[in-house]
Amino acid sequence: MTRRVELLVLLLGDALALVGATALFHVACVRYGWLEHASAAPEPSLAGAAFVAGWILLFAFSGLYGERYAGGRFDELMTLAKVTVFGVLALFFGYYLGRLAPGAERAAVGAYALSVVGSVGAVRLGVRAFQKARILRGHGRHRAVVVGWSDRVEELYHDLAKYPAAGIEVVGAVRLRHAETISVGTLVGTHDDGRDEAGRPIYAEGDALPAGAVEVTAAGAPEAAIAELPGLIDRLGVRDVLIALGSDDHQYLDEVLRVCDGRPVSLKLVPDFYTAVGGMARTEHIYGLPLIEVLPEPIPAWEKRTKRIADVVASAVVLIAGLPLWLLVGALVQATSPGGAIFKQVRVGRGGRPFTMFKYRTMVEGAERETGPVWAGKADTRATPLGKWLRRLRIDEVPQLWNVFVGEMSLVGPRPERPYFVETLTQEIPLYSRRHRVQPGITGLAQVKWRYDADIEDVRQKLKYDLFYIENMSLRTDAKILLQTVRTALMGKGQ
């Protein structure tokens, strides 16, 4: 099933299961006298409106509606159990405290928890069983490309063939060889050939590629073959990139990570490469096939959603509460120098997607008309007198709260850069595009730890802070950065 259908089925199934669980609990309360007054137990119709909504929000915060393609059902049930324990305790302390009959507390809490886990778990097991059956019949598989040396590519192909429930269909390969010839874009068969009756690709004994796969090779020039990977991903609709290199091939791993950064693909390594990526990887077993996910989601699901809610609430409060002041600042900008009050500029956001960022104009109109894109200096002569003060107090960034509110930016994250500089810096600085894994921010660790960009060396230093932030994202880290930013603004140390 498609992702949208899966989400809809889970939402409806969970809602019905929760209504049933609450109804069972209501019957048990009346039959066994767990509540001091039977009327204290909500009627099933009311529970469907209040309790179910609360449970679904809690499930969403905990990542139970995230994509779990070919994931372990036991892991999902364990997550459900943990969330249920928290939800039941919160519910009983928040609603049932004082309503439970003496001595009935444990029985009531245990019964409701078991009913929720049992009903919701049964629905989810049914959905996952249906998905697995569809995958085994050849529907909804993730298309994958393998990158690696010839012998390792071959080995991984045949390992994948042993685990059809993993739902991975190899549609291409970037094969690194040491031969004398170069062959780029060799089509082997067609995508309609080489499948069994269930629709699975046929891996013939000794074949390196399944029928219908696209092979890219560059003998003696591995970088040339890897350079073809982005085009292969786009052309074949690839969802997973499987990396089958050796433990000493760090430079090729870096190149694969670089060309895949910002693309909606999952990167997975053959396990013996684990030592090369340290803390950037997470081991996972897909139906018995061990792989290592590179660059996993850097923040837990509940923290990610809490961060987004904090962004929306904080941006709305500041924009609305300070509206008279922001209008006054805009009027002063327009009155003290020719040009509009708001400066608009295209920046690169998460996943490499461009968006329009807003700021109060702090420079003269048409500041880059003759120079082209350049970095702002510490004593930039293009800045207006008012603009210098707006920068010192960081007030020029306030319009970006609208970008935060609509989801293009976050309060904290790597600062978004212009497409021109992104294209240039991606070529000059390895792993620069890794900044695009997360939502860009109004402020960030690099902004409170380093000065404004004046040259390429400043960019390199700030990239270190950005990557450190991405690998250590948390609500606590965001709070620290925001407090340091407020202190910088109050002390007028902005540039």
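1. In which hand of crossing does α8 pass α9? The crossing is right-handed. Note that this is a predicted model.

2. The geometry of this pair is as follows. Helix α8 covers residues 229–236, and helix α9 covers residues 250–260. They pack at an angle of about 45°. Their axes lie 9 Å apart. That angle makes α8 oblique to α9, because angles under 35 degrees count as roughly parallel and 65 to 115 as roughly perpendicular.

3. Next, the residues behind the contact. From α8 come Leu-229, Pro-230 and Ile-233. From α9 come Val-256, Val-259 and Cys-260. Six residues of this contact are nonpolar. None is polar, and none is charged.

4. Now the largest nonpolar core. This core holds 29 residues. Leu-18, Trp-55, Phe-59 and Tyr-112 touch the most other members. The elements that give two or more residues to this core are α1 (3–32), α3 (51–61), α4 (73–96) and α5 (105–136). The largest share comes from α1, with seven residues.

5. Trp-55 deserves a look on screen.

Key
Residues are numbered from 1 along each chain as its sequence is written. This is a predicted model: local features need pLDDT of at least 70, side-chain atom pairs count only at pLDDT 80 or more; totals for chains, interfaces and linings use all residues. Side-chain values use heavy atoms; hydrogens and water are left out. Axes are lines fitted to C-alpha atoms, for helices over the stretch in contact, and angles run from 0 to 180 degrees between N-to-C directions. Helices (H or I, at least four residues) and strands (E, at least two) are DSSP runs, numbered from the N terminus. Angles under 35 degrees count as roughly parallel, over 145 as roughly antiparallel, 65 to 115 as roughly perpendicular and the rest as oblique. A crossing is left-handed if the near helix is turned anticlockwise from the far one by less than a right angle, and right-handed if clockwise. Contact means heavy atoms within 4.5 Å. Ala, Val, Leu, Ile, Met, Phe, Trp, Tyr, Cys and Pro count as nonpolar, Asp, Glu, Lys and Arg as charged, and the others, Gly among them, as polar. A nonpolar core is a set of buried Ala, Val, Leu, Ile, Met, Phe, Trp, Tyr and Cys residues joined through side-chain atoms within 4.5 Å. Buried means under 20% relative accessible area, exposed over 50%, partly exposed in between (1.4 Å probe, protein chains only).
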